[in-house]
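The following paragraphs lead the reader through one protein structure, element by element. Please keep the sequence and the model in view while reading.

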Amino acid sequence: MRDIVLVTADSVRRDFVDAMPFVSDHDVLTGVAAGHYTRPSLATLQSSRLRASVESKALRPTLADVLADAGYTTIGLVPTAQADPTFDFDAGFDHYDNYMTGGGDNPARNRRSRFREYLGSFDIVRQVYRRLYPMEANMADLPDDGTVVDEAIERFNAAESPRFLWIHQMGSHRPYGTGDEAIPKPLDRKAEAAGGRHWFGSSEVTERERERITDAYRDALGRVDDRTRRLLAEIDADDPVFAFTADHGEEFGEDGYYYHQGYRRRVADTLVRVPVVLRGVEPVGDRCSLLDLAPTLAGAVDVDAPEEWQGNDLRTTTTDEALTVAPWHDTATVAWQDFERKLVARDADVTMTEGDQSASVESADVSDDVQKQLRDLGYTDAG
């Protein structure tokens with residue numbers, strides 16, 4: 001059976017894919033994320049179920065589960081607290097690392113701090129925290145993507161075939177680098193505050209400052225592209241099935257907002273439309289939902305998709321409509337689109353029923369350690 005390599009990268013907009021020569025040299029589909037920030041989006045990608053976005057956690061059977069049952073050695077290297085095992089992202093993997101501490105099954109560790117979540121819902125708390133702990137410092141605590149790629153190559157080449165590798169790159173997450181590569185800390189804070197009240201001075205980002213941000217972003221995408229190329233060149237698979245996509249996009253002031261800020265529950269196209277590349281697969285259309293990735297990759301190696309999965313196998317079926325669920329705390333924004341029109345229900349109470357099971361949007365049960373890691377990445381609320 002053929003090996004499978006899935007590369008995801010943080011915050012890659014569909015309309016910026018030209019900054020990635022290797023990726024854009026393939027046929028690029030327009031994908032729609034089923035969640036508006038990392039956790040619900042990657043959960044639906046791995047689970048092929050909208051309920052995974054509603055609950056903001058991976059649901060079994062995951063893609064790794066299905067491939068492991070088919071005899072694959074499964075490896076996941078995903079350096080972000082958003083993909084912590086607390087949220088079941090390790091399901092089905094023989095080796096899984098999100099390079100974080102904390103989590104686990106200890107109930108005492110998994111009690112949420114509702115008071116801290118409540119305080120985090122206020123702009124002033126977010127801005128004070130980001131002023132004291134800038135994003136660059138927090139991102140520097142993560143392993144360099146190049147180091148993660150090195151480990152991925154080593155583990156993949158040492159593993160027994162067939163192999164499934166999932167690797168996520170964080171270098172395209174704001175501030176888009178470290179040191180001189182990164183957006184200057186004052187500008188990063190200023191852009192984050194755009195669209196709302198700013199307690200530490202003007203929040204109006206000038207056109208020159210916007211260009212500084214997008215230039216840094218494009219440079220970061222180029223580095224992600226180089227590492228993706230290197231990964232595929234140095235693994236010992238002759239003709240793997242390869243997929244590249246992003247968890248979500250990014251905003252650069254189009255509606256007054258910058259970056260991706262989960263608590264806003266925004267579903268603008270710049271946030272939910274991402275590039276999708278498939279190699280070793282011949283899709284019948286040029287657009288998809290990220291729900292479609294798992295059944296398409298499984299089908300490409302003749303593994304049957306479980307009946308729970310909701311996505312299409314893009315080798316045989318076009319995707320003409322897509323749903324995005326944007327949860328945060330106890331409400332969610334839901335967007336339906338047919339790639340020409342979009343219908344949005346903002347900040348609604350959302351419940352989803354699957355057979356005799358139902359799920360509602362609610363805050364996550366996480367340990368204090370995981371909650372701190374999420375806050376350090378800019379997700380002040382852990383919901």
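Which residues in α9 are buried? In this helix, Leu 187, Asp 188, Arg 189, Lys 190, Ala 191, Glu 192 and Ala 193 are buried, where buried means under 20% relative accessible area, exposed means over 50%, and partly exposed lies in between (1.4 Å probe, protein chains only). The model is a predicted one, in which local features need pLDDT of at least 70, side-chain atom pairs count only at pLDDT 80 or more, and totals for chains, interfaces and linings use all residues. Residues are numbered from 1 along each chain as its sequence is written, and side-chain values use heavy atoms, with hydrogens and water left out.

Helix α9 spans residues 185-193, and because 7 of its 9 residues are buried, the helix is largely enclosed by the rest of the structure. Helices (H or I, at least four residues) and strands (E, at least two) are DSSP runs, numbered from the N terminus. Just after α9, Gly 195 takes a positive phi of about 90 degrees.

Lys 190 provides a link from α9 to another helix. This residue counts as buried, at 17% relative accessibility, and it forms a salt bridge with Glu 209 in which the closest N and O atoms are 3.0 Å apart. The pair links distant parts of the chain, with Lys 190 in helix α9 and Glu 209 in helix α10, 19 residues apart. Glu 209 counts as partly exposed, at 22% relative accessibility. A salt bridge is here a side-chain nitrogen of Lys or Arg within 4 Å of a carboxyl oxygen of Asp or Glu. Side chains of opposite charge can pair when their charged atoms come close. In total, the structure holds 27 salt bridges.

Arg 210 forms a salt bridge with Glu 254, the closest N and O atoms lying 3.7 Å apart. This pair also links distant parts of the chain: Arg 210 is in helix α10, whereas Glu 254 is in the loop between β7 (251-252) and β8 (258-259), 44 residues apart. Both residues are partly exposed, Arg 210 with a relative accessible area of 24% and Glu 254 with one of 35%. Together with Arg 13 and Asp 15, Arg 210 and Glu 254 are linked in a network of salt bridges.

An α-helix has 3.6 residues a turn, so residues three or four places apart point the same way.

Strand β2 is joined to strand β9 (residues 273-279) by 5 bridges, and the two run antiparallel; Leu 29 has Val 276 as its bridge partner in β9. With strand β10 (residues 287-289), β2 pairs in the parallel sense over 3 bridges, and Thr 30 stands opposite Arg 287. Two strands pair if DSSP finds at least two bridges between them.

Strand β12 (residues 331-337) and strand β13 (residues 342-348) run antiparallel and are joined by 5 bridges. The hairpin has 4 residues between the strands, and Phe 339 takes a positive phi near 75 degrees. Gln 337 stands opposite Lys 342 in β13. The side chain of Lys 342 also meets that of Asp 269 in a salt bridge (2.7 Å, N to O). Lys 342 lies in strand β13 and Asp 269 in helix α11 (residues 269-272), so the pair ties together parts that are 73 residues apart in sequence.
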